[in-house]
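Hi everyone, thanks for making time.

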Amino acid sequence: MSACERAAVAVELSLVVPMFDEAQGLDAFMTRVTGVLDATGMDYEIVCVNDGSRDDTLARLREHRRRDARVKVVNLSRNFGQEPALCAGLALCRGRAVVPIDADLQDPPELIPQLIEKWREGFDVVYAVRRSRAGEGVLKRATSSVFWRIHNALIAVSIPANTGIFRLMSRRAVDALNALPEKQRFMKTLMSFAGFPAAEVAFERAPRTAGATKWPWGKMWTAALDGITAFSTLPLRVWSYVGLAVSVSAFAYAVFLVVSKLAYGGQVPGYASLMVVVLFLGGVQLITLGVLGEYLGRIFHEVKARPTYIIESTEGLDESVD
């Protein structure tokens, strides 16, 4: 879609909502969102991306579409995951300002007017930063805090801790994001990669209104690895330093053995110390291979260049995207 064509069909505000099995809370979400957006007085669209839901999310979206033409429906051919579904919505939305948001109402739609106000002040990216995380256990909050500390320590693209996909982006920020060629995307960082003037708005995060979380521990661990390895080669570089440290230690121990031999005569080597050394070095080698495997796997997926998502159908959107 050319810039002229986009300008001809643009709306002021696009809400992009990836959805997977959200039928239970969909009506409540739509009621709150439309009330907030209507109050802004802006021309808007709600781009809902059905990410292969197993319940009747798609049927309910179509009902809302019949009642309100501003609801646009993008139906993916299967479940690709939140990140690809978000990419599909961002590629198809037309707004001069774009707000990605989850459908579980943990991120309050009532914050959108504040995001818009900051955008009108001239900011291209307005982060919605969680001041608290209601409904989440102590362990999840702690691991999230640790992740953001590691993320911002290892990666040059620093973003505020406790920031999800909920934010506002200007059209030029969205266009810059859509132009990135990579297939495996950690959107929380990619959405900040292009830079541009940014601001923050803090909020209290609410518990889910319905349904269960789509982020079990295994999925969160995978996402954390994606977020670090997609933007930093430091995990690879650190093993060069580990190898150097082990080599220096081994050389120092060899010198100690020679001096000990010359000074005190022969000693019977201990089985326990030998096993400790062998197991330690074996563990270091396996961890190193694991880190190499993570990066090699990502290269493998990028080289294949398979599409991030496949769209089965759209309703209310005439544009197609590769």
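Let me start with a term: a residue is called buried when its relative accessible area is under 20%. Keep in mind that this is a predicted model.

With that cut-off, take C48: its relative accessibility is 0%, so C48 counts as buried. C87 comes out at 7%, and therefore it is buried too.

Now, where does C48 sit? It belongs to one side of strand β2, together with Y44, I46 and N50. In other words, for β2, which spans residues 44-50, the count is 7 buried out of 7.

Who are the neighbours? On one hand there is strand β1, residues 11-19, which runs parallel to β2 and is joined to it by 7 bridges. Within that pairing, V17 has C48 as its bridge partner. To get from β1 to β2, the chain passes through helix α2, residues 23-40, in a right-handed β-α-β crossover.

Then there is strand β3, residues 71-76, also parallel to β2, with 5 bridges between the two.

A disulfide is a covalent bond linking the sulfur atoms of two cysteines. How many disulfides does a search of the whole structure find? The search finds 0.

Definitions and conventions
Residues numbered from 1 in each chain as written. Predicted model: local features only at pLDDT ≥ 70, side-chain atom pairs only at ≥ 80, totals over all residues. Heavy atoms only, no water. Buried < 20%, exposed > 50% of the residue type's maximum accessible area, 1.4 Å probe, protein only. Helix = DSSP H or I, 4+ residues; strand = E, 2+ residues; numbered from the N terminus. Pairing = 2+ DSSP bridges. Right-handed = clockwise from strand over helix to strand, strands pointing away. Disulfide = S-S within 2.5 Å.
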